[in-house]
Amino acid sequence: MNIYIVVLLCIISDSLASPIFKRWQRQVSALYTSVCDNKQMQLICFGDGEILRIESANYGRTDTQLCPSRLDTTNTNCSAENSFQIVSERCNGKDECRIPVNTGVFGGDPCPETEKYLEVSYFCETAAITPFSTVTTPSLAAARTTAATQLVTEEDGSFFTVVCENNQMSLTCFDGKVLKIVYANYGRTDEITCNSEEQNQDTNCRDPNSLQVVQNSCENNAACEIEVNNDVFSDLCIGVFKYLAVRYKCVIPSPS
């Protein structure tokens with residue numbers, strides 16, 4: 001019996017020390033995305049061998065700010081009961097999935113006359129190993145403020161994404177389209193996003209070169225990756241925990 005325990009402890013120790021497990025440890029914060037009604041949500045894991053695991057999902061409305069509309073946005077108690085099941089069945093175990101966001105997919109209208117959206121928090125995990133670490137399941141409300149990566153699809157078809165400092169931003173367009181960067185800022189303009197109580201939360205922190213840096217890396221490419229840190233951008237607000245906020249569109253490339 002003791003031999004089996006020693007062998008098991010060695011296996012666990014080797015797994016914890018492996019690069020795969022260490023990479024998983026760095027991703028214990030769930031990713032968060034939201035998409036307005038009558039659009040399509042796309043979830044992608046970019047790492048080799050990584051697959052999706054849905055942590056929580058809701059089709060309805062729990063917030064007054066997301067997806068502004070002429071319809072009612074004050075009803076924040078709107079939830080389709082089968083949201084988690086539907087998203088999980090479409091996405092779990094895959095490296096990419098797409099979900100039409102509409103009442104037909106989610107089995108009816110949970111709150112008529114209310115503007116709805118789908119919001120999902122999820123992990124990208126390495127399929128080859130089951131982590132031994134215990135992760136606390138975040139609420140969607142918490143994921144909006146703590147997720148290392150957040151992506152929101154805007155009404156005009158543009159995308160707004162935020163990635164916290166010391167993570168990597170990945171932007172991708174599909175169907176032959178390329179990236180057009182509309183806005184970028186590395187710094188901090190609110191107290192909620194990428195919340196870190198340990199550091200100064202100056203909300204007037206802006207790097208004026210942010211747009212140029214992101215455009216140089218991404219403009220007119222189908223995909224790009226940007227390291228979000230003080231080496232790539234300027235550290236103009238020492239002691240402030242920063243994030244990169246980018247608004248972009250996927251457009252048909254101009255003729256050469």
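A residue is called buried when its relative accessible area is under 20%. By that criterion strand E3 is mostly covered, since ten of its twelve residues are buried. The structure is a predicted model, and a search of the whole of it finds seven disulfides.

**Disulfide Cys45–Cys124**

- Cys45 and Cys124 are joined by a disulfide, with an S to S distance of 2.1 Å.
- The torsion about this S-S bond is about -90°, so the link of Cys45 and Cys124 is left-handed.
- Cys45 sits in the loop between strand E2 (39-44) and strand E3 (50-61), while Cys124 belongs to strand E6 (residues 117-126); the pair therefore ties together parts that are 79 residues apart in sequence.
- Cys45 has a relative accessibility of 6% and counts as buried, because the cut-off is under 20%.
- Cys124, with a relative accessible area of 8%, is likewise buried.

**Disulfide Cys78–Cys111**

- The sulfur atoms of Cys78 and Cys111 lie 1.7 Å apart and form a disulfide.
- A torsion of about -65° about the S-S bond makes the disulfide of Cys78 and Cys111 left-handed.
- Cys78 is in strand E4 (residues 78-79) and Cys111 is in the loop between strand E5 (96-101) and E6, so this pair ties together parts that are 33 residues apart in sequence.
- Cys78 and Cys111 are both buried.

**Disulfide Cys173–Cys250**

- Cys173 is joined to Cys250 by a disulfide, with an S to S distance of 2.0 Å.
- The link of Cys173 and Cys250 is left-handed, with -85° about the S-S bond.
- Because Cys173 lies in the loop between strand E9 (167-172) and strand E10 (178-188), and Cys250 in strand E13 (residues 243-251), the pair ties together parts that are 77 residues apart in sequence.
- Cys173 counts as buried, at 6% relative accessibility.

**Strand E3 and its partners**

- E3 pairs with E6 in the antiparallel sense, over ten bridges.
- Within E6, Cys124 has Leu52 standing opposite; Cys124 is also the disulfide partner of Cys45.
- E3 also pairs with E4 in the antiparallel sense, over two bridges.
- Arg61 stands opposite Cys78 in E4, and Cys78 is itself linked by a disulfide to Cys111.

**Helix H3**

- In helix H3 (residues 83-91), the buried residues are Ser83, Ile86, Val87, Ser88 and Cys91.
- These buried residues of H3 pack against E2, E3, E5 and E6.

**Leu118 in strand E6**

- Leu118 is a residue of strand E6, and its relative accessibility of 0% places it among buried residues.
- Leaving aside residues up to four places away in sequence, Leu118 touches Thr33, Ser34, Val35, Met41, Asn58, Tyr59, Val87, Ile99, Val101 and Phe106.
- One of these contacts, Val87, is also one of the buried residues of H3.
- Leu118 and Gly60 are separated by 58 residues in sequence, yet their C-alpha atoms are 6.5 Å apart in space.

Technical notes
Residues are numbered from 1 along each chain as its sequence is written. This is a predicted model: local features need pLDDT of at least 70, side-chain atom pairs count only at pLDDT 80 or more; totals for chains, interfaces and linings use all residues. Side-chain values use heavy atoms; hydrogens and water are left out. A disulfide is a pair of cysteine sulfur atoms within 2.5 Å. Helices (H or I, at least four residues) and strands (E, at least two) are DSSP runs, numbered from the N terminus. Buried means under 20% relative accessible area, exposed over 50%, partly exposed in between (1.4 Å probe, protein chains only). Contact means heavy atoms within 4.5 Å. Two strands pair if DSSP finds at least two bridges between them.
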